[in-house]
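Work through the exercises below with the sequence and the 3D view at hand. Each task is followed by a solution in steps.

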Amino acid sequence: GPDIYGPSVATQINDVNVATQVEIAGDFKLSIEATDPSGMGQVTAQTDMPFGSGIVLTRDGEKYSANIRIDNVPDGFYSITVTAADSMGNTTVSRINVVVKWPIPDAPVISTPSTGLVVNDPSINVWGTAAPYSNVQLFLNGSPFGSAIKAGGNGGFYARVLFPVAGVYEVTASAKFGGASG
């Protein structure tokens with residue numbers, strides 16, 4: 001008889017089969033294998049993770065994949081919904097839950113300026129190291145200063161701090177991945 005069933009779908013995260021739920025702590029590879037005796041039509045993936053552009057799948061035979069960057073996605077529960085259609089229009093919808101749980105990074109280390117530095121300048125350069133690719137927030141006397149800075153692959157970060165008025169200031173920093181701070 002005619003094909004009345006949707007495709008067979010298997011979903012993997014970082015090359016590990018996922019039936020219902022997976023916990024991740026960083027960027028990941030989504031892989032979908034979709035097969036059907038009538039041949040495949042379209043395969044799409046959608047998510048409620050707030051990272052902007054959506055999921056764009058690349059097809060290689062019966063496998064569809066996407067490398068997904070989540071460096072600004074906060075800790076939480078999200079889902080990925082895969083919709084696969086065969087050439088006859090029959091569909092299969094599968095959903096996996098994704099738990100984003102970032103590790104708490106070590107606190108950043110400010111290497112410049114040194115403790116106790118006295119300057120006769122309304123600004124200073126701040127250099128330091130943090131967990132690679134973490135978001136570093138500087139604080140001036142305990143209050144957030146400026147926007148978060150993305151640490152480089154080696155953990156290095158830099159900012160120019162402008163003092164509002166002459167006085168004594170303490171410059172500190174914290175780091176976070178998505179949602180966890182140190």
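## Exercise 1: the chain as a whole

Of the contacts in the protein chain between residues at least 6 apart in sequence, 63% join residues at least 24 apart; contact means heavy atoms within 4.5 Å. This is a predicted model, in which local features need pLDDT of at least 70 and side-chain atom pairs count only at pLDDT 80 or more, while totals for chains, interfaces and linings use all residues. Residues are numbered from 1 along each chain as its sequence is written, and side-chain values use heavy atoms, with hydrogens and water left out.

Task: state how many helices and strands the protein chain has, and decide whether the chain is spread out or a compact globule.

Solution. 
- Step 1. The protein chain has 16 strands and zero helices. Helices (H or I, at least four residues) and strands (E, at least two) are DSSP runs, numbered from the N terminus.
- Step 2. Along the principal axes, the C-alpha atoms fill a box of roughly 85 × 25 × 20 Å.
- Step 3. The radius of gyration is taken over C-alpha atoms, and the globule rule is 2.2 Å times the number of residues to the power 0.38. For 182 residues the rule gives 16 Å; the radius of gyration of the protein chain is 23 Å, well over that, so the chain is more spread out than a compact globule.
- Step 4. Of the 182 residues, 38% are buried. Buried means under 20% relative accessible area, exposed over 50%, and partly exposed in between (1.4 Å probe, protein chains only).

## Exercise 2: an open sheet

Task: give the order of the five strands in the open sheet, and say which strands stand at the edges.

Solution. 
- Step 1. Strands of a sheet pair through backbone hydrogen bonds, either parallel or antiparallel. Here two strands pair if DSSP finds at least two bridges between them.
- Step 2. The order is β2-β1-β4-β7-β6, with antiparallel pairing. β2 (16-17) and β6 (58-60) are at the edges; each has a single partner strand, so one side of each is left without a neighbour in the sheet.
- Step 3. β2 pairs with β1 (residues 8-13) in the antiparallel sense over two bridges. I13 has V16 in β2 as its bridge partner.

## Exercise 3: strands β11 and β14

Task: describe how β11 and β14 pair, and sort the side chains of β14 by face.

Solution. 
- Step 1. β11 and β14 pair in the antiparallel sense over seven bridges. T129 stands opposite G156 in β14.
- Step 2. In a regular strand the side chains alternate between the two faces of the sheet.

## Exercise 4: aromatic pairs

Task: classify the ring pairs W127 with Y158 and F163 with Y169.

Solution. 
- Step 1. Rings of Phe, Tyr and Trp (its six-membered ring) pair if their centres lie within 6.5 Å; planes under 30 degrees apart count as stacked, over 60 as edge-to-face and the rest as tilted. The count by this rule is three aromatic pairs.
- Step 2. The ring centres of W127 and Y158 are 4.5 Å apart and their planes are at 45 degrees, so the pair is tilted. This pair links distant parts of the chain, with W127 in β11 (residues 123-129) and Y158 in β14 (residues 156-162), 31 residues apart.
- Step 3. The ring centres of F163 and Y169 are 4.7 Å apart with planes at 20 degrees, so this pair is stacked. F163 is buried, at a relative accessible area of 17%, whereas Y169 is partly exposed, at 24%.
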